[in-house]
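Dear colleague,

I am handing over the structure below, and after it I set out what was found. Please read the notes with the model open beside you.

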Amino acid sequence: MRELKVFGIRHHGPGSARSLRKAIHAFGPDCLLIEGPTDADALIPYVSDDGLVPPVAMLIYDPKDFNWAGYFPFARFSPEWQALKYGLKQGIETRFIDWPMGLSWEMELAARQGRLFNQQLPKRQTWEQDPLKYMAQIAGYEDSERWWDIYFERASNELEVFEVINEMMGALRSELGHGDDSNLWREAHMRKEIRSAVKSGKERIAVVCGAWHAPALEAWEGIPASVDNQVFKGIRKRNTQASWIPWTYERLAVSSGYAAGVESPAWYRMLFDSRKEVTIRFLTKAARLLRQEKLDASSAQVIDAVRLAEGLAAMRGLDLPGIQELRESALSTFCEGATARLKLIDHKLVVGDRVGKVPGNIPQVPLMRDLEKSIKSARLGSEYESSEVLRKQLDLRVPSNRAASVILHRLIALEIPWGTRQNQRAGALGSFQENWRLKWRATFSLKVIEASVFGKTLEEAASNFLLQQAAKTLSLAKLGEITEIALLGELPKILPDIIRHLNQLAARAEDVISMMEALPVLVRVFRYGDVRQTPPADVELLVRQWIPRIALGLPASCTALDMDEARAHFKRIREVDQSIQLLQHPAEEESWNQALQRVAGRQAISPLIQGGTTRICLDRGIESFQQTELRMRFALSVTQEAMQASHWLEGFLFGSGLLVIHQPVIWNILDSWVQALSADRFQEILPLLRRSFSNFPKSERSEIWKLANGKKPELTQSADIINEELEEVVWPMIQLLLGGKSRPESES
Amino acid sequence: MAKKKEIPQTLRPHAEVLFKTELDALVQSDKDPRPENWLMSPQSVVTYLLGGKAKDGTVITPKYFGQKRLMEVAVATLATDRALLLAGVPGTAKTWVSEHLAAAISGDSTLLVQGTAGISEDALRYGWNYARLLAEGPSEKSLVASPVMKAMLSGKLIRVEELTRMPSDVQDSLITLLSEKVLPVPELNLEIAAIKGFNLIATANTRDKGVHELSAALRRRFNTVMLPLPASLEEEVEIVKNRVAELGSSLSLSAKVAPLEEIRRLVLIFRELRSGETSDGSMKLKSPSSTLSAAEAISVITSGQALATYFGNGKISAADLAAGLTGAIIKDPSRDLQVWQEYLETVVRSRKDWKDLYKACKEVL
């Protein structure tokens, strides 16, 4: 006699998973039908592979258009996962019955365009999304798993549990309606599949589906097949591809935006694995996590916490403490009432940081395969498999290290930031050494799959992606960045195209600022391109055309700026200035110098920039000391607004006070200006002055102090001028020269 | 008869006296299991604190306005024989909660030790009646029990106020008491064992952090419940309104209830100064050094009420509030004065319908 059972489950519900495992076992089916898209059927056999470790997700995508893709995550405590495992172990027919994604997208499109039902798909209600949670909430439980535990877990007959659920859902549906139309279509599809299983002569059929659908599937015999078939008439299914991808608990959590997600994956896993002592285990884990954070949490406190949690549960009329009670008791005992402490561990404790694994023998998109191959040959394999944050130093003279750097940069080009460069200074192109911080996130696998539209290999995909970005952008600075990343990622083939874009965009650009932002990047490319054996192409020509244009536009760009803008712009001026020094083209330098002089002398310009450019002119020898003196007297004249004058000083004294110390004239002007200030004014501008002076090295400041006390300066090079940042750069070379001696402890 | 007359004359009756009817109703109708020597079940204690209805229909007024879960944790802590530490900034109803907990659980909120800098161990353990000691030698009769010892012997709750004001060595004498639940009396070679129902509620002020920090050993013996400042404007207005009405009746001030809009205005000022920004988030403000808790808002209103009753027309006005308000905000004249003046000029002055308050406050300054 044929028998068919429908098991209504709660997606990612550990209680549900546990009951289901027992119930199916008791039922002993010869065919297992599971709610899941039929176009993922090919993925099922891999579930028995021990290398496939949940959380993992089935990714179903349209290979022609990656905007159409769906993810179906599973955790160990997902009832569907347990059902799949069971089916494969028993060797019975196990397959999915929900509509294929290829069909659902077409239906959705049709519905959206009004071809089908002339209405948009409404947002799902919570009771539809997770009807069992809805029921639990009605029963007064915030933690629906606790509700499941109390009402269903102790039933002696596991099969009856599911009958009760089906009845409950039937009642719920007649009360609340069937939900949106897509639900009905999906149920029609599932019933179709059930009929075909029956037709193939299966005797004991188990159907596993979300509780909401259970009554509709149970009624399969009462609904004529033709009615269900009618639903899909005229809709053509798209071709899709499917693969397993690693998932994370983080993305399984509702807080990540996954609508069918759960609030507490780590807690659920614990519930699933060790239900009997879950209170003890949870609080012990909390204590251990706190100890990792160097906070006290003793075993005695765990005991107290367990007692409090149980007491709380009893007071609230619950049989067992739920996540609420556990959190509150942890807060009151370990955390001494301080929520900040609980927050420190809450995420790890409740959501968890578990990452799934997908073994290499499972089919993957070509780009992924290429990536993994190159990762192996660049010896980044262990970093790729680790879920920790790792640091890596690359020496570009070593071939495998250079390959690693190329991979990392190409991934950055694809907006997959596996690695981030540390201590990156401007001019990083000129260095042999790269410091990286690496963390492979599970989500990157998805991004790789998404990026595979751009090409089958990493080089191809990165090139095409960058070209597309270059064609789209209207920002010169962004194009500059693209140029740099193309160089670092060793994608020379696309450089001419990108340079062409740069040229075109620059020709139209009115905006001096974006040219100023892009120029330093280009100069670096030109100057250091050959470190990586990449031809600097036409970059030089471009740069030489740009400089005169920047020079012409500079004075106008320095007007009408507020203080923050002025500081930012002054930074740009300094960077352009340094770039031009690097370039060493006298003609271009000349036009830039003239521009600087104009800026320094013009009235309408922001005083900070005036002061700053005056200083640059002095340092570069563009203007004589007498001219500078004149400018300073002018800027600090008594009639000048004190605020303006102090801004001028901030620019003028930027970076170093040596000038003040060594040039008595400068000192005298400054001194008399300060002395002429009224007490109120002085107080007002004091913070600004402090800002200028506090950047000076300590020795310089003490010299200035001496000067202010009327003493003569006696500046010698003292030891505390050592700049730590510079030390970092210089030290490896010194070490090399000294033959690997360890670094001396810095003296106090 | 004589007793009945006494009650209204007490300046501040104990909670168990003031709310006797409610407590009786809860005790009588309580069907849930109660821990040994508790007056009522934990559930009823929570109802007593948060308000509601007893099973016989008696209305229970709320004593604590705030999250229910905090009170549940507090009661569950006491029910599982752990000592309870109520912590929070001044004026977050710590003492208030502890008094009501003691009243509801033991029917007696009078067993109290006030923590001070000059407290000695005797206050927590026992002292001697020296006349008797000299006359009769050491005996149990010459022993003077501390409130803690009384609580142990009667199975009641002992309250320790401002635990962190006590010197650490005195604090630490609580450790044995809390873990062993006995009080040794070496002079008489005996020990006092606590009977069931004994437990301890301590309050600690987080503003005093670092003065006499609890030792790790002692801290471990407490479950801590952090009482927060009221979460929303409405909640805080509600608290102030209720307490003012209660205080007004016990201080026999005129029956006129403080107008709600004055309370709201006051609470708004306090909240804004406390959080350092205006309620619409449009302006950054400096915060004064004072706590500006709900408790202080209450005292400003009651003092305003008193002013209005005795010197005014009985109706509370901006002028009645101004003095109290200024005093509550300016605790450290060198800093707070400027903060308050800035607030007056930038916020109070520009608010519609606040002209009266602005004028009144300027007059006081």
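In chain B, helices H13(B) and H14(B) are oblique to each other, a class that holds angles which are not under 35 degrees (roughly parallel), not over 145 (roughly antiparallel) and not from 65 to 115 (roughly perpendicular). Their axes come within 10 Å and cross at roughly 140°, where axes are lines fitted to C-alpha atoms, for helices over the stretch in contact, and angles run from 0 to 180 degrees between N-to-C directions. H13(B) covers residues 260–275 and H14(B) residues 294–311, with helices (H or I, at least four residues) and strands (E, at least two) taken as DSSP runs numbered from the N terminus. The crossing of H13(B) and H14(B) is right-handed; a crossing has that hand if the near helix is turned clockwise from the far one by less than a right angle, and is left-handed if anticlockwise. Ile263(B), Leu266(B), Val267(B) and Phe270(B) of H13(B) make the contact with Ala297(B), Val300(B) and Ile301(B) of H14(B), two residues being in contact if their C-beta atoms, placed from the backbone, lie within 7 Å. By class this contact has 7 nonpolar residues, no polar and no charged ones, where Ala, Val, Leu, Ile, Met, Phe, Trp, Tyr, Cys and Pro count as nonpolar, Asp, Glu, Lys and Arg as charged, and the others, Gly among them, as polar.

Please keep in mind that this is a predicted model, in which local features need pLDDT of at least 70 and side-chain atom pairs count only at pLDDT 80 or more, while totals for chains, interfaces and linings use all residues. Residues are numbered from 1 along each chain as its sequence is written, and chains are lettered from A and ligands numbered from 1 in the order in which they are written.

A helix pair in chain A can be set beside this one. The axes of H28(A), residues 607–620, and H30(A), residues 642–652, come within 6 Å and cross at roughly 35°, and the crossing is right-handed. The contact includes Leu608(A), Ile609(A) and Arg615(A) on H28(A), and Trp648(A), Leu649(A) and Phe652(A) on H30(A); its residues divide into 6 nonpolar, 7 polar and 2 charged.

Between the chains, 16 residues of chain A are in contact with 19 residues of chain B. On the chain A side, helices H14 (299–315) and H15 (323–333) are the elements that give two or more residues, and H14(A) gives the most, with 8. That side divides into 5 nonpolar, 5 polar and 6 charged residues.

Most residues other than glycine have a negative phi, and most peptide bonds are trans. The bond from Pro54(A) to Pro55(A), however, is cis, with omega near 5°, and Pro55(A) is found in the loop between strands E2 (31–37) and E3 (56–62). Glu415(A) has a positive phi, near 60°, and its place is in the loop between helix H19 (399–413) and strand E9 (419–421). Glu415(A) counts as exposed, with 11 C-beta neighbours inside 10 Å, since the exposed class takes 12 or fewer other C-beta atoms within 10 Å, the buried class 20 or more, and the partly exposed class those in between, with C-beta atoms placed from the backbone. Glu490(A), with phi near 50°, lies in the loop between helices H22 (476–488) and H23 (495–508) and is partly exposed, with 18 such atoms.

Over the whole of chain A, there are 35 helices and 10 strands, and buried residues make up 42% of its 748 residues.

With kind regards
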